[in-house]
Amino acid sequence: MPTPSKPEYLGEPTLGQVMRRPIWILALLCAFIVAGAFAWLGQWQMGIAVRSGDQVTVDTETPRTLAEVSDLAKGVTEDAAGVVVNVSGEFVPGDTRVVAPRDNAGKTGAWVVGHLITDPPERAHLAVAIGWAPSEAAAERALVALDADPALTMPRDLQGRYMPPEGPQVPGPSDDPQMMRTMIPAHFANVWADVDAPVYSGYLVLHDDGDIPALLASADLDPIDSVPPLPPETVSWLNVFYAIEWVVFAGFAVFFWFRLTRDAWEKEHELQELEAEAAASGAGDGTEAADDADASGTRTRSE
């Protein structure tokens, strides 16, 4: 089938004449106001997308006390995540758990996680990732060895990296539903024997210092990699995408005005064509009626 040609509208009013009418000039001003608002939003979004290179960064490597970094009434803040902290307390035997899978130095294995009760005045419960084993079976053996070691319950000063809780992971069809796959302190609080004080929302990755090497050696565990957090990105690409969206919306506001104006112009010409066709049809009917009357009169005279 042939493609229908786009109609052409000649004569007045022209598209420019329609655009210059007061109602459409007012509509254009409204479109400019909307487009300006969208452009301002795009500029604002871009401003927060590109962060200053000299912004203040948190010193995560200078050890601080856990009480200074974390508030028991709040979660792990952005300033507290990944900070090296000092804390004192005692491990609770029998509450040690295995979390797997966990990567360490490029290898996949399991963590052995202990239950620490911190010293007063805070006195709270803290999940501590003690060491890494190359397999879940090795971690289970280390767990038994740690719980049987009298040195585990000795009061000690610890240092480690305080980390925010991880998200839950749904076990697969063949996985043990009781196996812990991620570090969720709230979950540990449900399986620990006696929780009689607040629980820290974050957890501690224990550093290999003090008497910890001897404790790890007794259970045949390796130290856990404690990697400093990455510096914040200088560009937030999600905000850049939002800024581009606002600019597109601003352009669409002006295009929407143009489309409405053109529709009004086309509609006027279509109405003019319909009126012309109706007038031509009426004139044609009148001429045919006159011709019929003349023919009838001629026949009458002939008779």
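Student: Which residues lie nearest the centre of the second largest pocket?
Tutor: This is a predicted model, in which local features need pLDDT of at least 70, side-chain atom pairs count only at pLDDT 80 or more, and totals for chains, interfaces and linings use all residues. Residues are numbered from 1 along each chain as its sequence is written, and side-chain values use heavy atoms, with hydrogens and water left out. A pocket is an open set of points on a 1 Å grid over the protein atoms alone where a 1.4 Å probe fits, with protein on both sides within 12 Å along at least five of seven lines; lining residues have an atom within 4 Å of a point. Of the 15 lining residues, those nearest the centre are Trp111, Met163, Tyr203, Val205 and Asp225.

Student: Which strand gives the most to that lining?
Tutor: At least two lining residues each come from β3 (97–104), β6 (156–163) and β7 (199–206); strands are DSSP runs (E, at least two residues), numbered from the N terminus. The top contributor, with three residues, is β3.

Student: Is threonine 118 buried or exposed?
Tutor: Threonine 118 belongs to strand β4 (residues 107–118). Buried means under 20% relative accessible area, exposed over 50% (1.4 Å probe, protein chains only). Because its relative accessible area is 4%, threonine 118 is buried.

Student: At what distance does the side chain of threonine 118 reach the backbone nitrogen of alanine 124?
Tutor: Leaving out residues up to four places away in sequence, threonine 118 touches Val87, Ser88, Gly89, Arg123, Ala124, Leu126 and Tyr200, where contact means heavy atoms within 4.5 Å. From the side chain of threonine 118 to the backbone nitrogen of alanine 124, the distance is 2.8 Å.

Note on methods
Helix = DSSP H or I, 4+ residues; strand = E, 2+ residues; numbered from the N terminus. Polar contact = N/O pair within 3.5 Å; in protein donor to acceptor, adjacent residues only side chain to side chain.
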